[in-house]
Amino acid sequence: MSTQAIGLKNFATRGWVLLMVVPTIAMITIFSYYPAIEAMRHSFYNWDGGTIEEFTGLENIRLLLGDLSLWWPLGLSFFCGFLSLFLDHPSVRRVLRGVTVVFLAYTAYGLYKHAQTPAMADKSFWPSLQWGFPWLLCLGYVLGGRKAHQANNKSVKWYSAALLGCYLFPLIAEMMYLVQVAKMGDWLFWLSFRLIFILVVANVVKMLPSVFTAICVHRLKSEGAQYFYRVMFVIPMIIPQLVGLLIWKFFYDPNVGPLNKLLIITHMDKVLIWLDTWVLHWGAFTEPFKPAWLGEPSLIIPALIFWGFPWVGVVGVLIYLSGLQNIGTEVYEAAELDGIGWWGKFIYIELPLIMTQIRLNLILLVIGTFQAWSFQFLLLGSSGGPENKGLTPGLYMYYKGFETQNFGYACAVGLVLFFIIMALTMINQKYVRVEK
Amino acid sequence: MEKNKIVEFIKVKLGLLILAAAVLYSVVSVAYSHLTFEAPNVTTVKIAHWQLEAGFRESLTNLIDDYEKLYKDKTGKEIRIIQMPISEKGYAQFINSSLIGGVAPDIIEQGIATTATDVSYIARYFEPLGAELDKPNPYNAGTDLEKIPWRQTFFDALLSRYQNELQDYYTIPFSMFTTRIFYNKNMLFQVSGKNTPPKSFTELMDTFKQLDEYNEKNGTRYLGIAGSKEQKGLFANWYQAPFFADTIAACDFNMDNTCDEYEAYIAFKKHKWSFQDENRRLSFKCLMELTEHFPVGWQALNREDSLFQFVQGNGLMLASGSWNASSITRQVADRFELGIFDFPMVADHPEYGKYAKSQTSEAGVGGGINWEVNSHSANKELAIDFLKFCTTRKNNERFNGDIIWLPVIQGATSKPILKPFTPRLDGYPSLTFKTLEISPEANLLSEGLSWSLFAGRLSLDEYLSKCTELYEKNALQGYHDKLDILKRRLKTTETIANADLALLMYGDNKEVSVKTAERLGSAQGQSLDISTNEGRLREVVNGEGSKK
């Protein structure tokens, strides 16, 4: 059957086919895009979720981020610099880099001026942070960019990564300056990222068991055994997540939960007490050994990281398996003829060929981690538990929206979160390369 | 061959078959639901609540069945009343979004959701019931309550349900609740050799001490109190709030017998209280003394966890309300003998008694399970009629008798098991002294800090000094924000004028005072007698009021 493109010429006769996609587009528009656009609109309003709706411009964003005059040049420089990474035209790229440097210089100037104001006179916080890093970045950017341009493709990747690092330093420096020194913006919002950054790193590590499991299942000789394991990985998907949450909560229970009992039986309690006494100084592991994993401020983050051990994600394994199934047996046979061992097959054959799936999982993981809130809410309440250590931006958004009825502000939190996730997704797309 | 074909067909099309079956099932379910409940000749009334306790839905269903039958006999028309039980965690979201979205149920249980509890939202979304309450309840015909206004048939004439700000009644209660301590009689005897529960706070602490000794001697791990987050809240009502009775009286500038967040802030600025006050320190000390007998990690435990521990016979005591009496009794029936006793108060304690001078009164206990009628409902008359039907003496007694709760209609009797829950009338009024609640930020952070305080990771001094810091940093902004919201929702109330004036007179920030003065200037044209308020406030805040 031949395929035919629908264009202006044959639209009258074939255009009706497009009606088939109308329901899907309508559903996505109504249930995905419309709420998102409305949320963006309301982030510029003082909105209580009901009838109080006053346009306040950038007020919510200003309350959230602090003095916007210190943010917008950095934001613009970031945008221009980032855009330049995706453009191939050398002259356009050069112009964008020039604009980036100008905005960065302006950022440094703004920070310097702000630091000189009478209100900031008595606050010294590593003065170089205030303006040194943006200048360093300018230098690094110009030199790095030139070298990257001259170097081969492999080096370009590393130089690009170095450039990205150059951006992250001033970004973090500016955040620290604004939040800790200038005491600007909503620092609870910034505080909520603490757990997210830790969980993103932990979750990236927690991806590995799924990769290894998928490879083990893929390498099974028997097709029946492979099928059995695939089914075994699908079955847990039908168990509600809440059940998993309750099981893990019971697992962590300090009084009747199996974790503490297991640690005592294996004498790990002695090791943990020794570690706590001489190294960690948390005061969480003492005699009698009854650590409250979800109630101790110092244990809450380790408990959340350990959650789900051995971290074999059901969806992840199935996605990797689908990628591995595309590898033909002839590839393995050729590798064996070349004397490649099991590790070599993993590094040179399997890993490169499932990078598409890994990148997809990485994107979903970052988005999922940044949006996380329900898990923390169910486990620790809307305050985020001990010392608010379980607070995430999503949970803070929920708190502002549903507990203080400040929906406009909650939408602004969502908007900022959206841009952060978008930037991270773009970075992921750019730097996690798929080379087959 | 044929068999193989069928097997092959199922293998290939299994997914599709399951999908088709699911779609068919959904279509039939929806169609059945529409035909049964939303047919053109059937009126549907929806009633939303979060009461998932065993027996509640069944008790309500009994009343619903009777009402539906009665309605059909009376009018010849069909009516369906559908319960929408929603879990506590999701209730706020469901009610907030459905009310704002205009698709809310006809009758809604008040609580948890801001839109169902905040006066400004109540005015917007719910039906005032004052006029209906002034008329007799037609379903009381033929009884001694026949000619009495509906409102007067309730045990407290609904005084506790009057909305001062809105000058009307908006809720109809079904039950009444008080809290007590449940205890394991067998364990108490085993541990202390006593058959009677402790009568004073000192005796209570002595009992816990005996339990610790018993555990040490016998290698058992019984808990003094099967504690949890919710348990802390229940104990705080009796072992923290009474310490602030004098402070509340001193800060109640407008003499309405309560101290709202605005008054508390002004009083703070007037140095009438601080976080370092001895009564506050002792109130925390008293509560912490109790939570020491909770299980380790209790702050991460929920109501269900503590209940489970107690009914399993692992805990000596559990604080809970009359709403749980029947279910606890049933669950422990074959395990141990259950006792119920009143919270031993701290008045006779040498240290705490200085501030908590008496027990807290339950004279002001209002009705519970309060129903509001959605003013945008097409069936609000029917909804009100159903509530009238449920609150006759007979039906209220039946409803509460089924679930073993305390009824709210005069003359209705309760089950003998509920005798210990009879409200105690003597003592201090039960009031809470709200401080950090004025600012959402301060509130959120203090909640996080309280975990550390009760986990022993933060000393009381550190906690209180952090609270002072949080309050000083955030309270003024919270004051303005709350006041602004209140103003936008309720154009003129005395609270707003008083709060504004107080800030103008006693706020130490000139810029703020100027802004407030401007705001007040624009309010001069309103009907409030600002000068009277100002004069009264000055008298009260400067101490002249108390002399009078």
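Start with chain A. Of its 436 residues, 31% are buried. Keep in mind that this is a predicted model. The secondary structure of chain A comes to 21 helices and two strands. Now the contacts within chain A. Take those between residues at least 6 apart in sequence: 63% of them join residues at least 24 apart.

Next, a helix pair in chain A. Look at H15, residues 314-324, and H18, residues 355-371. Their axes come within 8 Å. The crossing angle is roughly 155°. Angles over 145° count as roughly antiparallel, so H15(A) is roughly antiparallel to H18(A). The crossing is right-handed.

Which residues meet there? From H15(A), we have A:Gly316, A:Ile319, A:Tyr320 and A:Gly323. From H18(A), they meet A:Thr356, A:Gln357, A:Leu360 and A:Asn361. By class, that contact has five polar residues, three nonpolar and no charged ones.

Now over to the interface. How many residues does each chain put into the contact between chain A and chain B? Chain B gives 25 residues, and chain A gives 25. Stay on the chain B side. Three helices of chain B give two or more residues each: H3 at 88-100, H17 at 440-454 and H18 at 460-489. Which of the elements gives the most? That is H17(B), with nine residues. As for residue classes, this side of chain B has twelve nonpolar, seven polar and six charged residues.

Methods:
Residues are numbered from 1 along each chain as its sequence is written. Chains are lettered from A and ligands numbered from 1 in the order in which they are written. This is a predicted model: local features need pLDDT of at least 70, side-chain atom pairs count only at pLDDT 80 or more; totals for chains, interfaces and linings use all residues. Axes are lines fitted to C-alpha atoms, for helices over the stretch in contact, and angles run from 0 to 180 degrees between N-to-C directions. Helices (H or I, at least four residues) and strands (E, at least two) are DSSP runs, numbered from the N terminus. Angles under 35 degrees count as roughly parallel, over 145 as roughly antiparallel, 65 to 115 as roughly perpendicular and the rest as oblique. A crossing is left-handed if the near helix is turned anticlockwise from the far one by less than a right angle, and right-handed if clockwise. Two residues are in contact if their C-beta atoms, placed from the backbone, lie within 7 Å. Ala, Val, Leu, Ile, Met, Phe, Trp, Tyr, Cys and Pro count as nonpolar, Asp, Glu, Lys and Arg as charged, and the others, Gly among them, as polar. A residue is buried if 20 or more other C-beta atoms lie within 10 Å of its own, exposed if 12 or fewer, and partly exposed in between; C-beta atoms are placed from the backbone.
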